[in-house]
Amino acid sequence: MTALLELDGVEARYGPVQALRGITLEVAEGEVVAVLGANGAGKTTTLRAISGTVRRSGRIVFGGKPLRAGPEAVARAGIAHVPEGRGTFTDLSVLENLRLGAYTRRERNVRADVDRVAQWFPWIRERSGQQAGTLSGGEQQMLAVARALMARPRLLLLDEPSLGLAPMIVREIFRIVRELNEREGLTVLVVEQDARIALRTAARAYVLEVGRVAVAGTSEELQENESVRRSYLGY
Amino acid sequence: MKLGRTLVPVVSFVVLAVVVAVVPSFVSEFRAQQLAYVGIYLVAIIGLNVLTGYTGQISLGHGAFMAVGGYTTAILMADHGVKDIWTIPLAGLVAGTAGFLFGIPALRLSGLYLALATFAIAVSMPAVIKRFEGFTGGGTGINLFGIPELTASLTPVEIFGRSMAFNDWLYYLSWSIALVGYVVAWLLLRGRSGRAFRAVRDSETAAQSSGVSLARYKTLAFGVSAAYAGVAGSLFAIATTYVNPDTFPVALSILLLVGVVVGGLGSLAGLVAGAVFIQFLPSWSQEVSKSPGAPSVVSGALLIALMFVLPMGVAGLVERLRLLTRRIYDRSGS
Amino acid sequence: MADFLQQVVAGLASGSIYASLALALVLIHRATGVINFAQGEMATLSTYIAWTLTVNHGWGYWPAFVVTLAVSFLGGAAVHQTVIRPNEKGSVLRVVIVTIGLLIMINGLVTLIWGGEVRAVESPFPAGTTEIGGVAITTADIGTIAVVLAIVALLWGLFQYTKLGLAMRAAALNPAEARLVGVRVTWMLSLGWGLAAVLGAVAGMLAAPSVFLDPNLMAALLIYAFAAAVLGGIDSPIGAVVGGLTLGVGLNLIGTYVDFVGADLRLPVALLVILVVLLVKPTGIFGKQEVRRV
């Protein structure tokens, strides 16, 4: 399988604080890969570095070509980033949020895309006029994923989907992610605090510590390794 | 080091005081008058600096507080026979009270809303003055020229054995008040009030949750800055020997804010630079071109350019130079 | 009664001019969080351009109108790109000074190019009145209201129904999230400034026939526009329109029927409106309470 996304020695800083000290990882086409680690390890920053939301140095190659910096360019290249906190346009309606998701696409038939996406989230059709800010946390998370899907992305970046959500809803969301990957071949890079559920969905994972990749391997390897589980994954 | 931080401001203050004392002997009367106005503007922007630089509240209306002070002085002198010097503190008091009273409802406003509200006050002040004719003399204003309450207007005044004509007297009056005012402000800002002011500017929510009474300090800042403006307005009235509704136009309020920003919030050098800017900008612009409209183009373009080049004002430039010299000093020392 | 209705319609006409300029202010504030003190002067400049085209170059009124709108659009966008954008990250104070600098500069520029004399400007609408329901209403008033309503409707359509309009709204509301879906936020904001300049130009061109053309054309109008925007809610486009119309009618009626005020004190009344609204309900009639994020 060819690597869809490659990071090589990527660094990033917030002012004087060095958040990423050289991240090297790769995601192959059709994979679900997880990025794990404690708070402050640099997980979210890694996704931000990819989507261009934070300034970074180092090499990022996407689809065989160097990835241009800047969120607009990254979106146009086919990467959809669902940020921490969902990034919902709270003042706009559900439908408008979805239309924005399709912004980079040139085709005119947005209605068909909405139907396609509504297959995964049936409630969207009934509530398309509702103001997005009035949705529950779980619904906003699903809307964020739906919005990302509207762009027909080659790569989905998911940042902490479990944040602030009840376990049942988190399980539902990860189930949908897994199905999207299995049925549509969507490539996903997911950052998660909850290592357990992430490893059940992802094929491989990278564990970050203080801005670097500390451990990497397949999900089975990481789950079976007791010392890794205890030191890095917290269970 | 604490001593170093106190030393530099004190030294620069002393240097300034000496320069101020000596300058009139070397310049013409006309120049002395111009510099007197610089002193007056300095008083006003020292006060505005407390409001904007320290509590972060933007006021486009301080010309109105100057008007309050100016008219207080004029009315006291013309209608009640009070000698000009004694009207100055009264003008400050009246203006300060007005500022404090305005500060109370203004608490609910922040940033641009406050700028708009103060702008509205500045624009309406001339009309309000005209409305209360009986009190303020309406459109014709109040003439102070030649009345006995005005010191040195007809005959030179004797101070410390030295005879001074009107312009020199004005110069020393305004600069002594400016220097005293600066010291007072400095002391105010170093103490607990100063820290509270800065806390308000940096984060209102944080300040509030750590027990700083937001209301008290914001209104206090308004009152103090208005008082300074009132004193400046009083001096202005004495200097121009005449007040009418157009003496304190909107442009003045705008210029005061511009002076504070161009000078840079905080340092004495910056404030002096700002006052100089306010006084001389119109004439500098005219020197570039006298065609109608051209001076405004120059002033406006200059303002915009300054925001690009010196966003922290002259004070920022001075600060950068200070850091640069310290770095050179450190490097050569080690 | 007929007299009263005439005053109301006249108030609606002047109110729609305030509404146009107020809408410009609101657009810019929503998009970039700035209060553009130079909005009036920019509108004055546009009006002079239109005047020059018709008088010095013999263009017809409506072709000049359209071209002026186009030029104003480009000008507004250019101002944002060159002067505002670099200062967006600075303090509020810096941006205020920049727009004030623009105000001074453009005012001077107009005087420099065209001189300071007051000029009479022809109205594009035929003189005379039309009878509606037994009341004689000037054609100019109807025309003014119609033009403003048409432009407001066009803009509304743009924002609600087009992809571009949606992107502009998104860029103003959540710029960071908008970037993530590929919206070029900075361009959207410049577009907002361009549209605001168009609205200002409309206000100026409609006001000139009655207020006469001179460099200070928009000074008073700007204050009325501020009052309207504040009354309606500085972030609410509907508020700007409603506020403008209300203010226009209100000022006209007060000016006509309340002797104390007369024609002179209309401006202070408008200022009083600003102050009272800001002190009682800063967010205006339609504005939303600002949630302070800690």
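Predicted model: local features only at pLDDT ≥ 70, side-chain atom pairs only at ≥ 80, totals over all residues.

Student: Which side chains meet in the salt bridge at 2.7 Å?

Tutor: That one is Arg169(C) with Glu96(A), 2.7 Å from N to O.

Student: And which residue does Arg179(C) form a salt bridge with?

Tutor: Its partner is Glu72(A), with the closest N and O atoms 3.7 Å apart. Arg179(C) sits in helix H7 (residues 175-180) of chain C and Glu72(A) in helix H2 of chain A, so this pair joins two chains.

Student: Why would such side chains pair up at all?

Tutor: In general, side chains of opposite charge can pair when their charged atoms come close.

Student: How many salt bridges are there over all chains?

Tutor: A search of the whole structure finds 16.

Student: Back to A and C. How many residues are in contact there?

Tutor: On the chain A side there are 22, and they are in contact with 21 residues of chain C. The area buried between chain A and chain C is about 1,900 Å², with carbon and sulfur atoms giving 61% of that. In chain A, the residues that lose the most area to chain C are Glu72(A), Phe89(A) and Tyr103(A), together 33% of what that side buries.

Student: What about polar contacts between A and C?

Tutor: The count is four residue pairs, both residues at pLDDT 80 or more. The elements of chain A that give two or more residues to the side touching chain C are helix H2 (71-77) and helix H3 (94-101). By class, that side of chain A has eight nonpolar, seven polar and seven charged residues.

Student: Which pair of chains has the most contacts?

Tutor: Two pairs of chains touch, and the most contacts are between chains B and C. There, 39 residues of chain B are in contact with 41 residues of chain C. The area buried between them is about 3,600 Å², of which carbon and sulfur atoms give 84%. Leu112(B), Tyr113(B) and Leu116(B) supply 19% of the area that chain B buries against chain C, more than any other three residues.

Student: How many salt bridges are there across the interface of chain B and chain C?

Tutor: The rule finds zero. As for polar contacts, there is one residue pair across that interface, both at pLDDT 80 or more.

Student: Which helix of chain B gives the largest share of the side that touches chain C?

Tutor: Helix H5 (111-131) of chain B is among the helices that supply at least two residues each, and H5(B) gives the largest share, eleven residues. The whole side divides into 28 nonpolar, eight polar and three charged residues.

Student: And how far apart are chain A and chain B?

Tutor: Those two do not touch, and their nearest C-alpha atoms are 19 Å apart.

Student: New topic! Which strands make the open sheet of four in chain A?

Tutor: The order is E2-E1-E4-E5, with antiparallel pairing. Strand E2 (17-28) and strand E5 (65-66) are the edge strands, each pairing on one side only. Strand E1 (residues 3-14) and strand E4 (residues 56-62) of chain A are joined by six bridges. Within that pairing, Asp8(A) has Arg59(A) in E4(A) as its bridge partner. Helix H1 (residues 43-51) of chain A packs on the sheet and touches E1, E2 and E4, its direction making about 110° with that of E1(A).

Student: What about the open sheet of six strands?

Tutor: In chain A its order is E6-E7-E8-E3-E9-E10, and the pairing is mixed. The edges are strand E6 (79-82) and strand E10 (212-218). From one strand to the next, the twist averages 15°. Strand E3 (residues 32-37) and strand E9 (residues 204-209) of chain A run parallel, joined by five bridges. Val35(A) stands opposite Tyr206(A) in E9(A).

Student: Last one: at what angle do helix H3 and H11 of chain B pack?

Tutor: About 115°, with their axes 7 Å apart. Gly63(B) and Met66(B) are among the H3(B) residues making that contact, and Leu252(B) is one of those from H11(B). By class, the contact has four nonpolar, three polar and no charged residues.

Note on methods
Residues numbered from 1 in each chain as written. Chains lettered and ligands numbered in written order. Heavy atoms only, no water. Contact = heavy atoms within 4.5 Å. Buried area = accessible area lost by both parts, 1.4 Å probe. Salt bridge = Lys/Arg side-chain N within 4 Å of Asp/Glu carboxyl O. Polar contact = N/O pair within 3.5 Å; in protein donor to acceptor, adjacent residues only side chain to side chain. Nonpolar A, V, L, I, M, F, W, Y, C, P; charged D, E, K, R; others polar. Pairing = 2+ DSSP bridges. Axes fitted to C-alpha atoms, helices over the stretch in contact; angles between N-to-C directions.
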